[in-house]
Amino acid sequence: MTVTNIAVVGAGVMGRGIAYVSALAGFHTTLVDVSKEQLDDAYRFAELTAEKGIKRGKLTEEQSIQLLTQLHTSLDLEDIAKNADLIIEAVPEKQVLKQQVLEVADQFSPQHAIIASNTSTISPTELGSYTNRPEQVVVMHFFNPVHRMKLIEIVKGLETGDETVRVIEEVAKTMGKETVQVNEFPGFVTSRISALVGNEAFHMLQEGVASAEDIDKAIKLGLNYPMGPLELGDLVGLDARLNNLRYLHETLGDKFRPAPLLEQYVKAGRLGRKSGRGVYDYNESGEKVTK
Ligand SMILES: NC(=O)c1ccc[n+]([C@@H]2O[C@H](COP(=O)([O-])OP(=O)(O)OC[C@H]3O[C@@H](n4cnc5c(N)ncnc54)[C@H](O)[C@@H]3O)[C@@H](O)[C@H]2O)c1
């Protein structure tokens, strides 16, 4: 099976990044969302990212033009699914939403199409059970920011076929990514570790162990992490982080109980970079504002 047409469902933080690397790799890519505003924002993101890429010498003018011609947007999943060889779902980490999207994708896409989910935590077996093609359902877990992060975790469900994994590996390679295969377990490898470290940082902030800046600085310079756990939380989205923790708490136990301060931030609408305020404050271009 050769993949030509990719539909990416959800034009948020992840979906827009996935659509960007997909179009850049030459796939005919359509980004689907329920919000026109998100789709417009996502297209602008692609234009801006390509522009920055040219300035930094990462991209040629020609590649940028090709990318933007290969990238389309739509509000109609039923219509776009009809021509998709691969559908990558990147809607919020809520089971009921994932189920709705997977059911529509399954109902309207051609028989050969593969349905991949960018879920950070949810079982691919469960996702497969929402469709009539569980052998063609797989987790394709990208990292944020997608155009910079090298890895895709591929997680097979009970019924996922070897051919599905082979095709996803090939697509990932064309997108310039490395892959690892992970056995199904909540949180895979990366989300499980990242959720735990991020949650602990919130506990420390709440306990007054150090300021947010110093917690992040300590982890970066002392443990050689490229980003501090609190700034990473803001990048990922604190609501997304909280959703992951809730799921891991339910499936893996008490050590993943979300820190009360994190719950409070999300209640207050402090969702991180995307809302302009999380642990830190951000300006309109998403840059951190130092007070
Ligand atoms: N944020 C991260 O760093 C990160 C990293 C890896 C994986 N993930 C996973 O990726 C997925 C998406 O996360 P995100 O942070 O991009 O979310 P987000 O909230 O930024 O974006 C989600 C998008 O989905 C759209 N949407 C909602 N319902 C929809 C529907 N029925 N059909 C089409 N679009 C719909 C929303 O309008 C929004 O644009 C989640 O499963 C998350 O766990 C996130």
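Two strands are said to pair if DSSP finds at least two bridges between them. In this predicted model, strand 1 (residues 5–9) and strand 2 (residues 28–32) meet that requirement, for five bridges join them and the two run parallel. One of the residues involved is Ala7, whose bridge partner in strand 2 is Thr30. Strands of a sheet pair through backbone hydrogen bonds, either parallel or antiparallel.

This pair belongs to a wider arrangement. Eight strands form an open sheet, in the order 3-2-1-4-5-6-7-8, and the pairing is mixed. At the edges stand strand 3 (71–74) and strand 8 (178–182); each has a single partner strand, so one side of each is left without a neighbour in the sheet. From one strand to the next, the twist averages 25°.

Strand 6 and strand 7 run antiparallel and are joined by four bridges; here Val139 stands opposite Val155 of strand 7. Strand 7 and strand 8, by contrast, run parallel, with five bridges between them. Among the residues of this pairing, Leu151 has Glu178 in strand 8 as its bridge partner. In a regular strand the side chains alternate between the two faces of the sheet.

Helices lie across these strands. Helix 3 (residues 61–70) lies across strand 2 and strand 3, and runs at about 25° to strand 3. Helix 7 (residues 162–174) lies across strand 1, strand 4 (86–89), strand 5 (114–117), strand 6 (137–141), strand 7 (151–156) and strand 8; its direction is at about 175° to strand 7.

The ligand may now be considered. Of the 24 residues around the ligand, those that come nearest are Asp33, Gln38, Glu93, Lys98 and Ser120. The residues of this shell comprise twelve nonpolar, eight polar and four charged. Helix 1 (13–24) and helix 5 (95–108) each supply at least two residues of the shell, and helix 5 gives the most, with three residues.

An N or O atom in the side chain of Asp33 is 2.7 Å from a ligand oxygen atom. The backbone also takes part: a polar backbone atom of Val91 is 3.4 Å from an oxygen atom of the ligand, and a backbone N or O atom of Gly12 lies 3.5 Å from a ligand oxygen atom. Taken alone, the ligand exposes 840 Å², of which the protein buries 87%.

Notes
Residues numbered from 1 in each chain as written. Predicted model: local features only at pLDDT ≥ 70, side-chain atom pairs only at ≥ 80, totals over all residues. Heavy atoms only, no water. Near = heavy atom within 4 Å. Polar contact = N/O pair within 3.5 Å; in protein donor to acceptor, adjacent residues only side chain to side chain. Areas by Shrake-Rupley, 256 points an atom, 1.4 Å probe, with all protein chains shown as cover. Nonpolar A, V, L, I, M, F, W, Y, C, P; charged D, E, K, R; others polar. Axes fitted to C-alpha atoms, helices over the stretch in contact; angles between N-to-C directions. Contact = heavy atoms within 4.5 Å.
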